[in-house]
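Please read the following briefing alongside the sequence and the model.

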Amino acid sequence: MKDANLFQLGIGLETGAHEEDTARGVTAANLDAVVDSDREDHFIRKDGKVFAGTHLIIEVMKGTGLDCEERIQNAFRKCVEVCGATLLHIHTHKFSPQGVSGVAVLAESHISVHTWPEIGYGAFDVFMCGDAEPWKAVGVLKEAFSTDMVEVRELLRGEELIAKEVAA
């Protein structure tokens, strides 16, 4: 069996992956450990909130080039660079007769897309934690797909978990 197949089966192979500890559940002690600012995978502390990361739902409308895998991959790379993230892997798939789906896996989470080029629409997700700046991806996507028609919704992932646990 090839290494890639072993990885798909969930075997860590030089990734540093460890088995998930699900037995302990969420406690005040392990929640405090997760939000500890000294951790490399620290939760974000901003404006009096603590959360896992910022997840932007970005709707690109009246865009051009949304049927081009190379253009989408280049946009992913530019987003990663501008946002200060770390690219681990990009995978895209071109549909017939049109459309592209893809994901850029980041150390800080991911960027994903599904496009409907026939109507100039691209549904992008940009989810980043740590010190990455996901809002900078909006300008990159506007430029990459030649449009100013972009709508963005922001979710602070894990915010409710932290708020509920702190209140308990």
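In this predicted model, strand 5 (residues 100-106) and strand 6 (residues 109-116) run antiparallel and are joined by six bridges, where strands count as paired if DSSP finds at least two bridges between them. Helices (H or I, at least four residues) and strands (E, at least two) are DSSP runs numbered from the N terminus. Residues are numbered from 1 along each chain as its sequence is written, local features need pLDDT of at least 70, side-chain atom pairs count only at pLDDT 80 or more, and totals for chains, interfaces and linings use all residues. Side-chain values use heavy atoms, with hydrogens and water left out.

**Strand pairing and hairpins**

- Within the pairing of strand 5 and strand 6, Ala104 stands opposite Ile111 in strand 6, and the hairpin that joins strand 5 to strand 6 passes through two residues.
- Strand 6 also runs antiparallel to strand 7, with eight bridges between them, and here Thr115 stands opposite Gly122 in strand 7.
- The hairpin of strand 6 and strand 7 has four residues between the strands, and in that hairpin Gly120 takes a positive phi near 70°.

**Aromatic rings**

- The structure holds two aromatic pairs, a pair being rings of Phe, Tyr and Trp (its six-membered ring) with centres within 6.5 Å, counted as stacked if the planes are under 30 degrees apart, edge-to-face if over 60 and tilted for the rest.
- Trp116 and Tyr121 form a tilted pair, at 5.5 Å centre to centre and with 35° between the planes.
- Trp116 counts as partly exposed at 35% relative accessibility, whereas Tyr121, at 18%, counts as buried (buried is under 20% relative accessible area, exposed over 50%, partly exposed in between, with a 1.4 Å probe and protein chains only).
- Phe124 and Phe145 form a tilted pair as well, at 5.6 Å centre to centre and with 40° between the planes.
- Because Phe124 lies in strand 7 and Phe145 in the loop between helix 4 and strand 8, this pair ties together parts that are 21 residues apart in sequence.
- Phe124 is buried at 1% relative accessibility, and Phe145 is buried with a relative accessible area of 0%.

**The annotated position**

- The unreviewed UniProt entry places the feature "modified residue: Pyruvic acid (Ser)" at Ser109; UniProt positions are given in the numbering used here, feature names are shortened, and annotations may be inferred rather than shown by experiment.
- Ser109 lies in strand 6 and counts as partly exposed at 22% relative accessibility.
- Not counting residues up to four places away in sequence, Ser109 touches Ala104, Phe127 and Met128.

Conventions. Contact means heavy atoms within 4.5 Å.
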